[in-house]
Amino acid sequence: MKKLWIRLCAGVLAALVLTAGVSALSDRLTGGRRTDGLFYQVTGIRPDARLLSVDGRAVSAEEYLYWLAYDCEYLTANMGSIDWNAPLTEDMTYGEYAKTDALETVKLFSAVRRIAEENDVTLTKEDLTLLQKQKDDYISYYGSEEVYRQQVALMGISEEAFDRVNEGYLLLDRIGELAATEGSDLYPAVKELAAFAAEGGYVTARLLYLPAAGLDEEADASLQALMEDYSRQLQESSDAYALMGQLAEELGMEQAEEPSTFSADTAEAALVQAVTALEEGAVSDVIRTESGFYVAIRCPVDSAALARAWFSQQLLQTRRDAAVTYSRRYHSIDTGAFYSGLLEQRQALAQQFTAER
């Protein structure tokens, strides 16, 4: 379970989105009115029906089933054919895991919506322009607006819902930017940020890295000798930052404009320990980790990066603390039946679209 939940933070996500119409739903409209879309065809649950509530906020069937389908696709893409009733752990099947992970996603974005509303965070004109450009790019890629709309329909959701999915990416980005902007209402207090940095053991450094996993003894020794030479050059240089950029370019590495900020939770322990022991501006000797070799230059802690990490933690804590209530419809969903039915309906709809062209 932990592996897939981590992807919701990396990235955060990477992959985290906000689907349509949730804030407009009323708990009084529990059954919904719409009968469109593949999700309805497969489950018989109306897309705008309240499937569950998170801290009193209604979550539509369309939003939850979008994420359940996403998790099923993610699992099958990485594992192949899956028996959804087979045990993943002692107390959870693959199907139960997919339902739980989809639930964690909607809980997280319920927190995003609440934070945005409480702090009057909305999308900017630039955001809206970008969203329109993204839509235009989709239409261009598929060749026409009609085919684009067909592709959206094959996902199972309405076009309006897909628009709000894309809005959600930018809303999360906007909140994250404010949390990392000193002086904004979402920026943490100085003492709070300092305590977070100390507790998490966060450090900031520029890094030169060469992977070494799976190398034989001779290749490993050769790589270590190369990195030792780089470390010596950097320690003797009058401008170690500039030289590190040159070395990274020679190695074909992409040199980040900003240093990396990390902790023991996000980086290998040997790297964190070595950087922590350095004075600011100092160059490390070669740092050997399980994945490879590093040479590091210790930098002042990046406050903006630290604030983003703090905000991510707060967001996840809000998710953990959320109170969830379920409708009978939620408990009626069987992951295996839902996903197999969705694939069948997608295939039939795709054939219909092909015949109409």
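Serine 53 has threonine 325 of strand E9 as its bridge partner. Strand E1 (residues 50-54) is joined to E9 by 3 bridges, and the two run antiparallel; strands count as paired if DSSP finds at least two bridges between them. The model is a predicted one, in which local features need pLDDT of at least 70 and side-chain atom pairs count only at pLDDT 80 or more, while totals for chains, interfaces and linings use all residues. Residues are numbered from 1 along each chain as its sequence is written, and side-chain values use heavy atoms, with hydrogens and water left out.

The open sheet has 3 strands in the order E2-E1-E9, with antiparallel pairing. Strands (E, at least two residues) and helices (H or I, at least four) are DSSP runs numbered from the N terminus. At the edges lie E2 (57-60) and E9 (324-326), each pairing on one side only. From one strand to the next, the twist averages 30 degrees.

Helix H3 packs on this sheet and touches E1 and E2, its direction making about 60 degrees with that of E2. Contact here means heavy atoms within 4.5 Å; axes are lines fitted to C-alpha atoms, for helices over the stretch in contact, and angles run from 0 to 180 degrees between N-to-C directions. Helix H4 lies across E1, E2 and E9, at about 135 degrees to E2.

The two helices also meet each other: H3 (residues 61-79) and H4 (residues 94-118) pack at about 130 degrees, with axes 8 Å apart. Residues making this contact include Trp67 and Leu68 of H3 and Tyr97 and Ala98 of H4.
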